[in-house]
Amino acid sequence: MEGKCLALTLGTVPSPAGLWVDSSSVWVTSFKDPGGLYQSAKDAPTLKLVAEQAGAWELTAHGGALVWTNWNGIDIGGGLYRRATGTPLKLIDTASPREIVSDGEGVYFIDHYENAVSALLDGAAAKAAIATDIVDRRRALSVDANFAYWGEQEALRIAAAPKRGSGTVRTVVALATPAASTLVDGDWLYVATEQRNMGGECVGGHLTRYPLGADAGVGAPVDLGMAACPTSLVKAGDHVYWAEATRPNGSIRRVNAISLATETVIEGIDSPS
């Protein structure tokens, strides 16, 4: 294991969906059995349920609190929820929110059944549409100062629109295989794609980055190489990390954003995401 990290088991979550890490804790949302928000100290295996809620899904942080999507419409109604301490507060009703990201202006999410990409901006009482009438399946949401970016699975593209909802949707990148994750880091757009067989099993993937120009335009791609079912792109320090969600021997890998050198940092994990 020289040069690699060791995975620390914090506990068991029945149906893990979202993950967030702050200065002292690891937070996990679980969809069911029981669903809700779990917390563990970063340096000790103490994972425990702190707020029970069936249907809790993707998780982020905004304005000093955790915010997550919930698409359990049968029991409590889908929506966005916020928790600083104590009981979660429902921010808005929306039937089927999935992926969620945040910045200094608000939170942005995939509105699955409403065929939309939406935003809940700070100070607003209702969500605002960034893009509507998108019948294609959307994944891989990210934002920068001006635009929201997402993948469309059947159209095989990365699309973008002004995140304040005042412009048209445009194709940013045409893809050969569907997007699994995107990440905007300054002047770069990172795109992880995946390849699946007829049974839906992921059998490969690729990682590419594109220089971002004005109005969400991109330049020539930089090929970062093959990756085994890459997902969950995130930036920390000088590195971009991703999970390779293979079974039973998945891994966490990273690329140096300056030198473009890649390496495996954790291995032997069953289907990380």
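Biologist: Over the ring of which residue does the charged end of Arg98 sit?
Modeller: This is a predicted model in which local features need pLDDT of at least 70, side-chain atom pairs count only at pLDDT 80 or more, and totals for chains, interfaces and linings use all residues. Residues are numbered from 1 along each chain as its sequence is written, and side-chain values use heavy atoms, with hydrogens and water left out. A charge sits over a ring if NZ of Lys or CZ of Arg is within 6 Å of the ring centre and within 35 degrees of the ring normal. For Arg98 the distance to the centre is 3.6 Å, and the ring is that of Trp71.

Biologist: Is the pair of Trp57 and Trp71 stacked or edge-to-face?
Modeller: Rings of Phe, Tyr and Trp (its six-membered ring) pair if their centres lie within 6.5 Å; planes under 30 degrees apart count as stacked, over 60 as edge-to-face and the rest as tilted. The centres of Trp57 and Trp71 are 5.3 Å apart and the planes stand at 85°, so this pair is edge-to-face.

Biologist: Are Trp68 and Tyr81 buried or exposed?
Modeller: The two rings form a stacked pair, 6.3 Å centre to centre with 15° between the planes. Buried means under 20% relative accessible area, exposed over 50% and partly exposed in between (1.4 Å probe, protein chains only). By this scale, Trp57 at 23% is partly exposed, whereas both Trp68 and Tyr81 are buried.

Biologist: How many residues make up the largest nonpolar core?
Modeller: Such a core is a set of buried Ala, Val, Leu, Ile, Met, Phe, Trp, Tyr and Cys residues joined through side-chain atoms within 4.5 Å. Tyr149, Ile158 and Val172 are among the members that touch the most others, and the core has a total of 15.
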